[in-house]
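Here are some exercises to work through with the model open beside you. Try each one yourself before reading its solution.

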Amino acid sequence: NLYYVETTDFGETWRTVDGKKLTLPLREVKNPALVHDYEAERLNVYLKDIRFDRKGMPVILFLTSEGYESGPKNDPRTWTTARWTGKKWVVRPAMRSDNNYDMGSLYIEGGGTWRIIAPTETGPQPYNTGGEMAMWTSQDLGKTWQKAKQLTKDSERNHTYSRHPANARPDFYALWADGHGRKPSDSSLYFCDKKGNVRVLL
């Protein structure tokens, strides 16, 4: 399941998104911190990122799948956002990829643009962690997404774990690495700018 709790005093007290004080540990599956009951839908949840909009409202990026094993039997693996409006959680599916541990980052930018940089495209080792990197954007709070640019293609190794640098600048907007999904291999570091131009660190 997907839950959300927050603290403003370094863990002394924990509250729900709407300010209700919680007693930890949470012992019941259905409790005030529950964002969405994925157990009822027989889906697993894999957290990817969390950001806050200009009003301080959380937006959670995660992936759901039908099971923990790799391979096509647990498709679809759906990237999803959950946004707190101040009154309720709005949960919306986005794009798909082919492994539970495909890892990417969410950006909430000025002007209302949401951006995801993640290995959503099938890579050279399908159904292993990672793939080819892509940049997606949404102008309507995650209701619809457009693939702005595919960042890598025809790679020898899968790319994954795109991370959002702290205080990211437009010329250094995401950082990630590659590696073979099925055997030991070399691994290179990559970064891209906000426009999706990719450079490799040699």
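**Exercise 1.** Is Asp 178 buried or exposed?

*Solution.* A word on the ground rules before the steps. This is a predicted model, in which local features need pLDDT of at least 70 and side-chain atom pairs count only at pLDDT 80 or more, while totals for chains, interfaces and linings use all residues. Residues are numbered from 1 along each chain as its sequence is written, and side-chain values use heavy atoms, with hydrogens and water left out.

Step 1: find the residue. Asp 178 sits in strand 14, residues 174-179 (strands are DSSP runs of E, at least two residues, numbered from the N terminus).

Step 2: check the accessibility. Asp 178 has a relative accessible area of 7%, so it is buried (buried means under 20%, exposed over 50%, partly exposed in between, with a 1.4 Å probe and protein chains only).

Step 3: look around it. Beyond neighbours within four places in sequence, Asp 178 is in contact with Arg 157, Asn 158, His 159, Asp 186, Ser 187, Ser 188 and Tyr 190 (contact means heavy atoms within 4.5 Å). With Arg 157, the Asp 178 side chain makes a side-chain polar contact at 3.2 Å (a pair of N or O atoms within 3.5 Å; within protein, one must be able to donate a hydrogen and the other to accept it, and residues adjacent in sequence count only if both atoms are side-chain atoms).

**Exercise 2.** Which side chain makes a polar contact with the side chain of Ser 65?

*Solution.* Step 1: go to strand 6, residues 58-65, where you'll find Ser 65.

Step 1: Ser 65 has a relative accessible area of 0%, so it counts as buried.

Step 2: list what Ser 65 touches, skipping residues up to four places away in sequence: Arg 42, Leu 43, Asn 44, Tyr 46, Asn 74, Pro 76, Arg 77 and Asn 100. The polar partner is Asn 100, side chain to side chain, at 2.8 Å.

**Exercise 3.** Where is Lys 88 placed?

*Solution.* Step 1: look in the loop between strand 7 (77-84) and strand 8 (89-97).

Step 1: with 52% relative accessibility, Lys 88 counts as exposed.

Step 2: The C-alpha atoms of Lys 88 and Tyr 127 are 34 Å apart, and the two residues are 39 residues apart along the chain.

Methods:
Helices (H or I, at least four residues) and strands (E, at least two) are DSSP runs, numbered from the N terminus.
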